[in-house]
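Me: I would like to go through a few features of this structure and learn how to read them. Can we take them one at a time?

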Amino acid sequence: MSHNQSTSLVPSTPTHDRGRVPPGAIAVNIKWRGSDLVKSFSGKAKVVFDSQLDIVDFHPSHDTAIIYVSEQDMVAGTSYKKRIVKLRKVTSMKGVVLAEKTEMSKQYCLNLQKFVVLELGLVILFISTPIQAASLLIEMVLEENKPFSNPFRIKRKSQPIDISVLSTMKLVPRLGGVKAKALLVEFGSIEAISKASIKDLTKIVGQSTASHIYEFFNKKDKT
């Protein structure tokens, strides 16, 4: 059976061989073939199935690797963390974790966020459904064709903040975009913000918001 152009198979993975994902395309782990998520790409992005992606689920560009953590993954345990750790070791890749935040999985999201962002220094973006994830992945593919506006690759001189990192920071309760941006400009990273004192945070965002941020990063995990 022949494969049409939108679902062709490629013999190697961009992660290992530094291949380049074609413009307007997304490399997809073959395990996603036939899924509703991939079906949502129809007419919006060319799908290139790859049987050798191993730990990676999607490559919206040759230097961005996506791992998808489903509701079932989180409920079942922490075995998915091994995949994320392996991704962290691929220094040539921009590692992003997409995680399903649902009524069932939301209790695990804080620990996952701390693991991904604070322990590994990667980016995590929460989505509620695979269809929402597909929309985000399509946006990444489209941005890849705009080299001067790609938030996952370009750090602008006037605004040296990665949009995906900013989105992660805005997950802190009661922290808006303006204050999140001010904190990233001042401290440089989410890890540095998490280690800052209330006094230092207060200088940037005020005492009330500083207290919420400090509590978010330092409260004990519930068992």
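Me: With which side chain does the side chain of Thr64 make a polar contact?

Reply: This is a predicted model, and in it the Thr64 side chain makes a polar contact with the side chain of Ser61, at 3.0 Å. Thr64 lies in strand S5, which covers residues 64–69.

Me: Is Thr64 buried or exposed?

Reply: Buried means under 20% relative accessible area. Thr64 has 3% relative accessibility, so it counts as buried. Leaving aside neighbours within four places in sequence, Thr64 is in contact with Phe58, His59, Met93, Lys94 and Val96.

Me: Which residues of helix H4 are buried?

Reply: In H4, residues 81–88, they are Arg83, Ile84 and Leu87. Seen down the axis of H4, the buried residues fall within an arc of 100°, so they line one face of the helix. The cover over them includes S5, strand S6 (94–100) and helix H5 (106–119).

Me: How is a pair of packed helices described?

Reply: Two packed helices are described by the angle between their axes and the distance between the axes. Take helix H8 (residues 177–187) and helix H10 (residues 198–205): their axes come within 9 Å and cross at roughly 125°.

Me: Why are H8 and H10 called oblique to each other?

Reply: Angles of 65 to 115 degrees count as roughly perpendicular and those over 145 as roughly antiparallel. The crossing is at roughly 125°, and H8 and H10 are therefore oblique to each other. Their crossing is right-handed.

Me: Which residues meet there?

Reply: From H8, Lys179, Ala182, Leu183, Glu186 and Phe187 meet Asp200, Leu201, Ile204 and Val205 of H10.

How values were computed:
Residues numbered from 1 in each chain as written. Predicted model: local features only at pLDDT ≥ 70, side-chain atom pairs only at ≥ 80, totals over all residues. Heavy atoms only, no water. Helix = DSSP H or I, 4+ residues; strand = E, 2+ residues; numbered from the N terminus. Buried < 20%, exposed > 50% of the residue type's maximum accessible area, 1.4 Å probe, protein only. Polar contact = N/O pair within 3.5 Å; in protein donor to acceptor, adjacent residues only side chain to side chain. Contact = heavy atoms within 4.5 Å. Arc of directions from axis to C-beta. Axes fitted to C-alpha atoms, helices over the stretch in contact; angles between N-to-C directions. Parallel < 35°, antiparallel > 145°, perpendicular 65-115°, else oblique. Left-handed = near helix turned anticlockwise from the far one by under 90°.
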